Amino acid sequence: MSAIDPQPTTDVPEGFRPVRIAGPFVVHNGPLFARIEGGHRLQMGFRVGPRHTNSMGLCHGGMLATFADMLVPCAAMYRPGLERRFLPTISLQVDYMSAARLGDWVQGEGEILRSTRNMLFGQALVTSNGEPALRVSGVFKQGPLIGDGTARDPLGVFDGGI
């Protein structure tokens, strides 16, 4: 809980745990949660709280875009055969399909389409309470290694999160 948004962080679907993503921006706009499906497919989500909403009580499009912008790079960290790298965004295409309302569970799973020496290409579908809310595709720069690039669990999903 925080002074900005006193919502419980325990109201999440089974298997989701808080994730460790560095930086005050993400800490302020979270909490974000994740789980692993099939041994390597990262699913991420968050519960829409008051601080995520616009004046209409809907999740702000900027929050949804922020979530989508982290979803594909985080998914890449769990893809077998890829080094764990910082993946700054080159381009991000977001198509909004429906609203996410206060209290909704927003969830997505990133898919890596191609990884080259310099870039990573990916896409994701994000749902709100199980209904499609946005689709996203992006191109990300292969940045510096995170640590030595081999961390098994860079977000702390396996070891209990934060």
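**A helix and its sheet**

Guide: Let's begin with α2: 13 of its 16 residues are buried, so this helix is largely enclosed by the rest of the structure. Buried means under 20% relative accessible area, exposed means over 50%, and partly exposed is in between (1.4 Å probe, protein chains only). Helices (H or I, at least four residues) and strands (E, at least two) are DSSP runs, numbered from the N terminus.

Visitor: Where do these values come from?

Guide: This is a predicted model, in which local features need pLDDT of at least 70 and side-chain atom pairs count only at pLDDT 80 or more, while totals for chains, interfaces and linings use all residues. Residues are numbered from 1 along each chain as its sequence is written, and side-chain values use heavy atoms, with hydrogens and water left out.

Visitor: Okay, back to α2. How far does it reach from its first C-alpha to its last?

Guide: The 16 residues of α2 reach 23 Å, close to the 22 Å expected at 1.5 Å a residue. That expected span is 1.5 Å times one less than the number of residues.

Visitor: And which strands does α2 lie across?

Guide: α2 (residues 61-76) lies across β3, β4, β5, β6 and β7, and runs at about 45 degrees to β5. For that angle, axes are lines fitted to C-alpha atoms, for helices over the stretch in contact, and angles run from 0 to 180 degrees between N-to-C directions. Contact means heavy atoms within 4.5 Å.

Visitor: In what order do the strands sit in the sheet?

Guide: The open sheet has 7 strands in the order β1-β2-β3-β5-β6-β7-β4, with antiparallel pairing. At the edges are β1 (17-18) and β4 (89-96), each pairing on one side only. Two strands pair if DSSP finds at least two bridges between them.

Visitor: What about along the sequence, what pattern does the chain follow?

Guide: There the pattern reads β-α-β-β-α-β-β-β-β, which comes to 2 helices and 7 strands.

Visitor: Let's zoom in on the β1 end. How many bridges are there between β1 and β2?

Guide: β1 and β2 pair over 2 bridges in the antiparallel sense.

Visitor: What do β2 and β3 form together?

Guide: They form a hairpin with 3 residues between them, and glycine 38 in the turn has a positive phi of about 65 degrees. β2 (residues 33-37) is also mostly covered, with 4 of its 5 residues buried.

Visitor: And how many bridges join β4 to β7?

Guide: 7 bridges join β4 to β7 (residues 131-141), and the two strands run antiparallel. Tyrosine 96, for instance, has leucine 134 in β7 as its bridge partner.

Visitor: Switching topic: where should I look in the loops?

Guide: The peptide bond from glycine 30 to proline 31 is cis, with omega near 0 degrees. Another stop is asparagine 129, found in the loop between β6 and β7. Asparagine 129 has a positive phi of about 50 degrees although it is not a glycine, and its relative accessible area of 47% makes it partly exposed.

Visitor: Now past β7. Is glycine 143 buried or exposed?

Guide: Glycine 143, in the segment after β7, counts as buried at 12% relative accessibility. Leaving aside neighbours within four places in sequence, glycine 143 is in contact with Arg85, Phe86, Leu87 and Pro88.

Visitor: What does proline 154 touch?

Guide: Proline 154 also has its place in the segment after β7. Not counting residues up to four places away in sequence, proline 154 touches Arg20, Met77, Tyr78 and Arg84.

Visitor: Last one: what about the chain as a whole?

Guide: A compact globule of 162 residues would have a radius of gyration near 15 Å, and the chain agrees with 15 Å. That radius is taken over C-alpha atoms, and the globule rule is 2.2 Å times the number of residues to the power 0.38. The C-alpha trace spans about 45 × 30 × 30 Å along its principal axes, and 44% of the 162 residues are buried. Among contacts between residues at least 6 apart in sequence, 64% join residues at least 24 apart.
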